Amino acid sequence: MPVIEVDHLQKRYGEKVAVADVSFTVEQGEIFGVLGPNGAGKTTTVECVQGLRRPDGGTIRVLGLDPIRDRAEVRQRVGAQLQESQLPDKVRVWEALDLYRSFYRNRADIDELLTDLGLAEQRDTYFQKLSGGQKQRLSVALALVGRPEVAILDELTTGLDPQGRRDTWDLVERIRDRGVTVVLVTHFMEEAERLCDRLAIIDRGRVVAIDSPSGLLDRVGADHRVRFRPEGPVEDALLLASPGVTGVSRHGAEVTVTGTRDVLQSVLSTLNGAGTSYTDLRVEQPSLDDAFVSLTGRGGRTATQSKTDGRSS
Ligand SMILES: Nc1ncnc2c1ncn2[C@@H]1O[C@H](COP(=O)(O)OP(=O)(O)OP(=O)(O)O)[C@@H](O)[C@H]1O
């Protein structure tokens, strides 16, 4: 049985439709991403899952429970991270955890949690004295203090520097390794790509795709690229005849070959077959950015454009 089932969820704020039609399921033990641009309806969706908002339409089941009817039980078993800090400046780290812990029947060991989250040295520190990353880790600790079966983490790494972001990603993986199912709300593609087993891309209140990161890339057919500088002649026609190659372009001495995930292999065997050596070989994998843009029609460079570029010479 899935841990979370959202079926045709709808939610309006007055006239404003925040969630038009969202359906997805989350399986036990996965890191499931909810990805989308600002205002897409991500937070509203997970707030409905937590029973913090009443849907206008559709059904939600969390651990077989109705988040509105069984709100108290859902709160016990689903840990939610606070999106923005809602703690008083003068509360010490252990005091905050001790208070939140008292709300739950399954209580985590505070010192174990602090060690796990790299906050052991901040045990007695006031909330206001914590760094951004430490505050973020504390909010995750608060989400875990009731030993939840599901953790919902919303915009976990917003405002963190690259190192803080990477540390937090490791942390999310450790949470999953403890057997907790994780729902991760984010608008960072890189984060989703790195962490999520599957993800739902939401745009304007609707799901536009649900898949694994690599499934999404395959689905939109985003190009892989190989760039190199040949040291002798190599004909475009020869490269284009290789399996998986969809385009060849040249900029000065540099050749760019686009194609499917086999493109590197094809380029190397073509060069080898032609007896041509090369320098400066680089491989560019398609990113979830490409898939996102292709699925939502928004953003910067699209997979379609890169394909056209590849054929333009
Ligand atoms: N309490 C509210 N009252 C009125 N409109 C709201 C409310 N909360 C959200 N909205 C609107 O509903 C839409 C969806 O908002 P939501 O916060 O769910 O999106 P989001 O994808 O989480 O965005 P972000 O990434 O910016 O947090 C937005 O247009 C937002 O302005």
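Tutor: Helices (H or I, at least four residues) and strands (E, at least two) are DSSP runs, numbered from the N terminus. This is a predicted model, in which local features need pLDDT of at least 70, side-chain atom pairs count only at pLDDT 80 or more, and totals for chains, interfaces and linings use all residues. Residues are numbered from 1 along each chain as its sequence is written.

Student: In which helix does Val172 lie?

Tutor: The helix in question covers residues 162–177.

Student: Is Val172 buried or exposed?

Tutor: A residue is buried if 20 or more other C-beta atoms lie within 10 Å of its own, exposed if 12 or fewer, and partly exposed in between, with C-beta atoms placed from the backbone. Val172 has 22 other C-beta atoms within 10 Å, so Val172 is buried.

Student: Which residues is Val172 in contact with, leaving aside its neighbours within four places in sequence?

Tutor: Two residues are in contact if their C-beta atoms, placed from the backbone, lie within 7 Å. By this rule, and with the neighbours within four places in sequence left aside, the contacts of Val172 are Ile31, Leu153, Val182, Leu184 and Leu195.

Student: Is Lys135 buried or exposed?

Tutor: Lys135 has its place in helix α5. The C-alpha atoms of Lys135 and Leu119, 16 residues apart in sequence, are 9.7 Å apart in space. Because Lys135 has 21 C-beta neighbours inside 10 Å, Lys135 counts as buried.

Student: How are α3 and α5 oriented to each other?

Tutor: Axes are lines fitted to C-alpha atoms, for helices over the stretch in contact, and angles run from 0 to 180 degrees between N-to-C directions. The axes of α3 (residues 93–101) and α5 (residues 132–144) come within 9 Å and cross at roughly 25°. Angles under 35 degrees count as roughly parallel, over 145 as roughly antiparallel, 65 to 115 as roughly perpendicular and the rest as oblique. The two helices α3 and α5 are therefore roughly parallel.

Student: Which residues make the contact of α3 and α5?

Tutor: From α3 come Val93, Ala96, Leu97 and Tyr100. The partners from α5 are Leu138, Ala141 and Leu142.

Student: How are α8 and α11 oriented to each other?

Tutor: The axes of α8 (residues 213–220) and α11 (residues 288–296) come within 9 Å and cross at roughly 55°. In their contact, Pro213, Leu216, Leu217 and Val220 of α8 meet Leu288, Asp290, Ala291, Ser294 and Leu295 of α11. The orientation of α8 and α11 is therefore oblique.

Student: Which element gives the most to the shell around the ligand?

Tutor: A residue is near a molecule or strand if its C-beta atom, placed from the backbone, lies within 6 Å of it. The residues around the ligand include Tyr13, Lys16, Lys42, Thr43, Thr44 and His187. At least two residues of the shell come from β2 (16–26), and at least two from α1 (42–49). With three residues, the element that gives the most is α1.

Student: How many residues of α1 are buried?

Tutor: The buried residues of α1 are Lys42, Thr44, Thr45, Val46, Glu47, Cys48 and Val49. This helix is mostly covered, and of its eight residues the buried ones number seven.

Student: Which residue with positive phi follows α1?

Tutor: The phi of this residue is near 80°. The residue that follows α1 is Gly51.
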